[in-house]
Amino acid sequence: MSSDRLTGIGPTDSLPAGVHVRDEWIPMPDGVRLHTRIWSPVTASPTAPVPVLLEYLPYRLDDWTAPRDSERHPWYAAHGYASVRVDIRGTGSSDGSFDDEYSEQELRDGEAVIAWLAAQEWSTGNVGMFGISWGGFNALQLAARAPAALKAIVTVCSTDDRYDNDVHYVGGAVLGIDMAAWGATMFAFNSRPPRPEVVGPAWVSQWRSRLESNRPMTPVWLSHQERDDYWRHGSAAEDSENISAAVLAVGGWADPYRDAVLRLVSNVPAPVKGIVGPWSHQYPDRGLAPGPSIGFLQETLRWWDRWLRGEDTGVEREPALRAWINEGEPPATHYESRRGRWVGAEAWPSTATADRTLALDTLRGGADGNVVVRSPQHTGADAGRFFPFGNATDLPPDQRAEDGRSVCFDLPVDGALDVLGNVLVRLAVTSDQPRATVTVRLCDVAPDGSSTLVTRGVLNAAKRDGMDRNDPLEPGVPTVLSVRLVSTGHRFAAGHRLRIAVSSSYWPWVWPHGTAATVTIDPAASSVSLPVWTRDTDDGVRFDEPERSTPLAVERVAPAEVLPQRTVTHDVETGEWTLDVDPGYGGGRVYPDGLVFTEDARETYRIRQDDPTSARASSRWSIGLEQPSWRARVETESEVTADAETFHLVNTVRAWARDGGPETPETLVAEHTFVDDVPRTSA
């Protein structure tokens, strides 16, 4: 199968010696072409073919991911691989229309891309796939479909469960902070134009067609409030037994997807290894907080050389799970680097962990009697960002204010205590409402009283017997809620206290039910089970220092108005709390080809402390792309509110183009407003 070659598009500055870059179109079976960039060794030829690595994303290889791409794709090419970056259908400069995240169309296209790469004369036919977040998701999803040429994957900060471990729901509750914000972000991202330099003079009409088909995804996500077939599609956990490609799964304790690493190591029948470090939602070689970084590219090269070239690189002799255990530190919204150590588990679950179960009345020092939880609605204002990216305000601050809005159970620590894995809290509760959600936080309390969030878990009580169910509580009838906290690796120092904090609200992480519930806990019938890491020896886990190619020379542009990254304000008269956030995805920049890219976004979350139906999440995006011969602007606004029965959503997009020099006037390309009402079922 042939493709039309693009010339003069790919970046050529700062390429390693012996590396060539070119752009191509990969044709799909229905005629749609996907825009592709290929970095390859200059020696790659029909007589000396090389294995191929694929990263498959909707985030625009021509500009948005270009700086990150330039750090790793040329590096792989310099080490003997053809490294390929493809924009998903309807994104970047690829043809067609985008329909939904991880759609059947996206995955069918992915299989066609893999087959095309394997069939090229410069390819050995062995394909590996890698990616972080979206790219890690579809690497797993395509591995579960088992295309013959896909021999190995590296999946970073991704998940195998799209319902309960993604940006839509958490513990069966609506993830307010990202159900709204990420839906708004993708609505804005998918409204960006193709590059005229790639698609030619018809770029405005192609963009108009894209805008006509672009729809906000949040209403779709909200219409599936239980784990149904919509979420089972693309959840690799549903098909993990089909995975035959070797899997290297990587995550970070500051990233929300870290549980997937442990599940994959436990459940995938193919060769599989896991690494979990202290990192945020970033590749672990980029030097972004929290560190320390590792030689991630060298580690993945060992993986590729073993599974795509058949070389004995020792990867199979590594521990099944290599994990970093953070040392307790004072609470901070940013750690340049975490203190701690690496440990290795030969299997997961590990024989080096031992469950320690304690009744919550013990943690209360023997106090008798039930305790009542009715948290104010703004509990969760100090939760931090759902997706930390290494920004200055991403991580949760001191939890003392949050602890004061919760019911807390404290345990003194006798000597150091290492926890590695998932903490399980069982709560014997009675609710006065049929709908209730509990959030459980595990905190490290220092002798000075400061409280550092270690991990947390959420459970919508309607999902207590399964995420695919909707079973309201019977008010006044006791039941047990098992809350599985997200995995962690943490050392509690001697003299510190381990705190279990329980709240009945957690805004904006959790969208509240329409009526606030009062939850009564019986501490004597409730417990916490801790996965205690029992080995204190040096397990010999080591990584090289990071290597990367010289990144693209991008000039950052200061914003016209510098606003705080994150503020929390309280209107004392009305009782309204407002969280105002700059998501910090990168801001303005100038690329080496002269493209001026501007990006401005703001997310706002409001709630009154006594009214769950006052919750309101809004996002505003402004994106600009400009060259001397053209300009494109996009503005979007998105808002989600809810009453007791219905979610209400409004999404607006406006787009303008200048198809010519600075003297050419802008024209309105599209203006659309989408109004959706979604009934509440279990969320």
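Modeller: Here is a conversation about a predicted model, going from the whole protein to single residues.

Biologist: What makes the protein as compact as a globular protein of its length?

Modeller: Start with the secondary structure, which comes to twelve helices and 34 strands. The radius of gyration is 25 Å, close to the 26 Å that the globule rule gives for 683 residues, so the protein is as compact as a globular protein of that length. Along the principal axes, the C-alpha trace spans about 75 × 60 × 45 Å.

Biologist: How many of the residues are buried?

Modeller: Buried residues make up 63% of the 683.

Biologist: What share of the contacts with a separation of 6 or more comes from residues 24 or more positions apart?

Modeller: Those residues account for 74% of such contacts.

Biologist: And where do the charges sit on average, relative to each other?

Modeller: There are 65 positive and 96 negative charges, and their mean positions are 1 Å apart.

Biologist: Let's turn to single residues. Why is T43 called exposed?

Modeller: The cut-off for exposed is over 50% relative accessible area. T43 has 54% relative accessibility, so T43 counts as exposed. T43 belongs to the loop between β3 and β4 (50-57). The C-alpha atom of T43 is separated by 7.8 Å from that of G18, 25 residues away along the chain.

Biologist: Why does T218 count as buried, then?

Modeller: Here the cut-off is under 20%. With 3% relative accessibility, T218 counts as buried because that value falls under the cut-off. T218 is part of helix α7 (residues 218-222). Leaving out residues up to four places away in sequence, T218 touches M179, A180, G183, A184 and L649.

Biologist: How do you know that β2 and β3 pair?

Modeller: Two strands pair if there are at least two bridges between them. β2 (residues 19-27) and β3 (residues 33-41) have nine bridges and run antiparallel, so they pass that test. One example is I26, whose bridge partner in β3 is L34. The hairpin has five residues between the strands, and G31 takes a positive phi near 95 degrees there.

Biologist: What makes β2 mostly covered?

Modeller: Eight of the nine residues in β2 are buried. β12 (321-327) is also described as mostly covered, with six of its seven residues buried.

Biologist: Which strands does β12 pair with, and in what sense?

Modeller: β11 pairs with β12 in the parallel sense over three bridges, and G274 stands opposite L321. β13 (residues 340-345) is antiparallel to β12 over six bridges, with A323 opposite V343. β22 (residues 488-492) runs parallel to β12 and is joined to it by two bridges; E327 has R491 as its partner there. Two bridges are enough for the word "pair", because the rule asks for at least two.

Biologist: Which residues of helix α9 are buried, and what do they pack against?

Modeller: In α9 (residues 259-267) the buried residues are D259, A260, V261, L262, L264 and V265. They pack against several elements, including α3 (134-145), β7 (150-156), β10 (246-252) and β17 (417-421). β11 (272-277) and β12 are among those elements too.

Notes: Residues are numbered from 1 along each chain as its sequence is written. This is a predicted model: local features need pLDDT of at least 70, side-chain atom pairs count only at pLDDT 80 or more; totals for chains, interfaces and linings use all residues. Side-chain values use heavy atoms; hydrogens and water are left out. Helices (H or I, at least four residues) and strands (E, at least two) are DSSP runs, numbered from the N terminus. The radius of gyration is taken over C-alpha atoms; the globule rule is 2.2 Å times the number of residues to the power 0.38. Buried means under 20% relative accessible area, exposed over 50%, partly exposed in between (1.4 Å probe, protein chains only). Contact means heavy atoms within 4.5 Å. Lys and Arg count as positive and Asp and Glu as negative; His and the chain ends are not counted. The place of a charge is taken as NZ of Lys, CZ of Arg, CG of Asp or CD of Glu.
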